[in-house]
Amino acid sequence: MTWKKFSGEVIQSSILEEIEQAIIRETENGYKLKVCIGTDSQVKGLITDFATVIVLLREHHGGFMYIHQEKSNQQVSIKERMLMEVQKSIETAYSICDLLDIYDVALEVHADINTNPSFKSNKALNDAMGYILSMGFIFKAKPEAFASSTCADKMVH
């Protein structure tokens with residue numbers, strides 16, 4: 001799985017090593033960190049672009065992110081696509097949560113799902129919330145889900 005910085009620079013080490021180095025560097029510089037993970041997708045013809053982001057927030061001092069992008073030619077409903085996004089976020093969260101526990105860094109999983117029933121993505125809200133919460137993660141949906149609805153969204157548009 002290839003991860004890169006927002007600048008486009010490809011991460012040469014594992015994402016786990018990169019995150020650990022970032023946590024050490026940022027905490028040594030006096031920052032309290034929180035990690036937010038989210039995925040967004042965009043259908044472009046027969047291809048769906050997915051972007052998963054790991055956002056490291058420095059309390060009151062901005063943040064930075066790592067990005068993984070992939071494409072799929074699988075044709076699915078809007079609800080299935082929303083749940084695929086959630087699955088990608090959960091897999092990423094699961095892969096780094098033990099490290100975050102060691103360094104006492106809070107973790108949230110963000111779903112690009114609208115809480116307003118008049119939006120199509122709302123069909124997946126209950127399933128997504130149950131999936132994320134059952135894995136033991138903090139759940140955020142729109143409008144609080146900036147990792148997916150803003151950061152990852154920027155990568156697929």
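Visitor: What share of the accessible surface of the protein chain belongs to carbon and sulfur atoms?
Guide: This is a predicted model, and the values that follow are computed from it. The accessible surface of the protein chain comes to about 8,300 Å². Of that area, the part that belongs to carbon and sulfur atoms is 51%.

Visitor: Why is the protein chain as compact as a globular protein of that length?
Guide: The protein chain holds four helices and six strands, and its elements run β-α-β-β-β-α-β-α-β-α from the N terminus on. For 157 residues the globule rule gives 15 Å, and the protein chain is as compact as a globular protein of that length because its radius of gyration is close to that value, at 15 Å.

Visitor: In which sense do strands S2 and S3 pair, parallel or antiparallel?
Guide: Strand S2 covers residues 33-44 and strand S3 covers residues 47-58. Their hairpin has two residues between the strands, and Gly45 takes a positive phi near 70° there. Gln42 has Asp49 in S3 as its bridge partner, and over 12 bridges the sense in which S2 and S3 pair is antiparallel.

Visitor: Which residue in S5 does Cys36 stand opposite?
Guide: S2 also pairs with strand S5, residues 106-111, in the parallel sense over six bridges. In S5, the residue that stands opposite Cys36 is Glu108.

Visitor: How far apart are the mean positions of the positive and negative charges of the protein chain?
Guide: The count takes in 16 positive and 21 negative charges of the protein chain. Between the mean positions of these two groups, the distance is 8 Å.

Definitions and conventions. Residues are numbered from 1 along each chain as its sequence is written. This is a predicted model: local features need pLDDT of at least 70, side-chain atom pairs count only at pLDDT 80 or more; totals for chains, interfaces and linings use all residues. Side-chain values use heavy atoms; hydrogens and water are left out. Two strands pair if DSSP finds at least two bridges between them. The radius of gyration is taken over C-alpha atoms; the globule rule is 2.2 Å times the number of residues to the power 0.38. Accessible areas come from the Shrake-Rupley method with a 1.4 Å probe; for residues, only the protein chains shown count as cover. Lys and Arg count as positive and Asp and Glu as negative; His and the chain ends are not counted. The place of a charge is taken as NZ of Lys, CZ of Arg, CG of Asp or CD of Glu.
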